Amino acid sequence: MPRIHPLVRDLYKRALIVGKDYPHPEGLDYVRRKWKDALRNPQNCQLVEGGTSSPEMEKEYERILRKAVGKGRYVIREMEGTIQLKKYRTMRRHYGEGV
């Protein structure tokens, strides 16, 4: 079983926590499926090909990984915004337009 980088594991956990309130009919199952597919897709994190494990390559791997994790954190913030908008619209519909 391949080991997952701690940053990627933390990103996935954050996505699941935020995904509990995601406004989709399938809810958390939908978010879990989409995030697993995204994390397993090699196109989302293009690593440099090469057999040698030099310090320069390790730094390059770390830079690419951190860039991909940054994109994932952006997606999580967008999910949070979608959830907040859905809650706002629901409350506005429930309680009315004005005070």
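Is Leu28 buried, partly exposed or exposed, and at what relative accessibility? At 25% relative accessibility, Leu28 counts as partly exposed, given that buried means under 20% relative accessible area, exposed means over 50%, and partly exposed lies in between, with a 1.4 Å probe and protein chains only. The structure is a predicted model, in which local features need pLDDT of at least 70 and side-chain atom pairs count only at pLDDT 80 or more, while totals for chains, interfaces and linings use all residues. Residues are numbered from 1 along each chain as its sequence is written, and side-chain values use heavy atoms, with hydrogens and water left out.

The protein chain holds 3 helices and 0 strands, and its elements run α-α-α from the N terminus on; helices (H or I, at least four residues) and strands (E, at least two) are taken as DSSP runs and numbered from the N terminus. Of the 99 residues of the protein chain, 19% count as buried. Among contacts in the protein chain with a separation of 6 or more, 60% are accounted for by residues 24 or more positions apart, where contact means heavy atoms within 4.5 Å.

Helix α1 has 14 residues and reaches 20 Å from its first C-alpha to its last, close to the 20 Å expected at 1.5 Å a residue; the expected span is 1.5 Å times one less than the number of residues in the helix. The buried residues of α1 are Leu7, Val8, Leu11, Tyr12, Ala15, Leu16, Val18 and Gly19, and the buried residues of this helix pack against α2 and α3. The largest nonpolar core has 10 residues, namely Leu11, Tyr12, Ala15, Leu16, Val18, Val31, Trp35, Ile76, Met79 and Ile83. The elements that give two or more residues to this core are α1, α2 and α3, and the largest share, 5 residues, comes from α1. A nonpolar core is here a set of buried Ala, Val, Leu, Ile, Met, Phe, Trp, Tyr and Cys residues joined through side-chain atoms within 4.5 Å. In soluble globular proteins, nonpolar side chains tend to be buried together. With neighbours within four places in sequence left aside, Ala15 is in contact with Val31, Trp35, Ile76 and Met79.

Leu28 lies in helix α2 and, when residues up to four places away in sequence are not counted, touches Leu16, Gly19 and Lys20. The C-alpha atoms of Leu28 and Leu16 are separated by 7.0 Å, although the two residues stand 12 residues apart along the chain.

For aromatic residues, rings of Phe, Tyr and Trp (its six-membered ring) pair if their centres lie within 6.5 Å, with planes under 30 degrees apart counted as stacked, over 60 as edge-to-face and the rest as tilted. By this rule the count comes to 1 aromatic pair. The rings of Tyr22 and Tyr30 have centres 6.3 Å apart and planes at 10°, so the pair is stacked. Tyr22 is partly exposed at 23% relative accessibility, and Tyr30 is likewise partly exposed, with a relative accessible area of 22%.

A search of the whole structure finds 6 salt bridges, each defined as a side-chain nitrogen of Lys or Arg within 4 Å of a carboxyl oxygen of Asp or Glu. One of these joins the side chains of Lys87 and Asp21 (3.8 Å, N to O). This pair links distant parts of the chain, with Lys87 in helix α3 (residues 55-95) and Asp21 in the loop between α1 (6-19) and α2 (28-40), 66 residues apart. Lys87 is partly exposed at 45% relative accessibility, and Asp21 is partly exposed with a relative accessible area of 47%. A further salt bridge is formed by the side chains of Glu26 and Arg33 (3.0 Å, N to O); Glu26 is partly exposed at 43%, as is Arg33 at 38%. The side chains of Asp29 and Arg32 also meet in a salt bridge (3.4 Å, N to O), and both residues lie in helix α2, 3 residues apart, about one turn of the helix. An α-helix has 3.6 residues a turn, so residues three or four places apart point the same way. Asp29 counts as partly exposed at 48% relative accessibility, and Arg32 counts as partly exposed at 29%.
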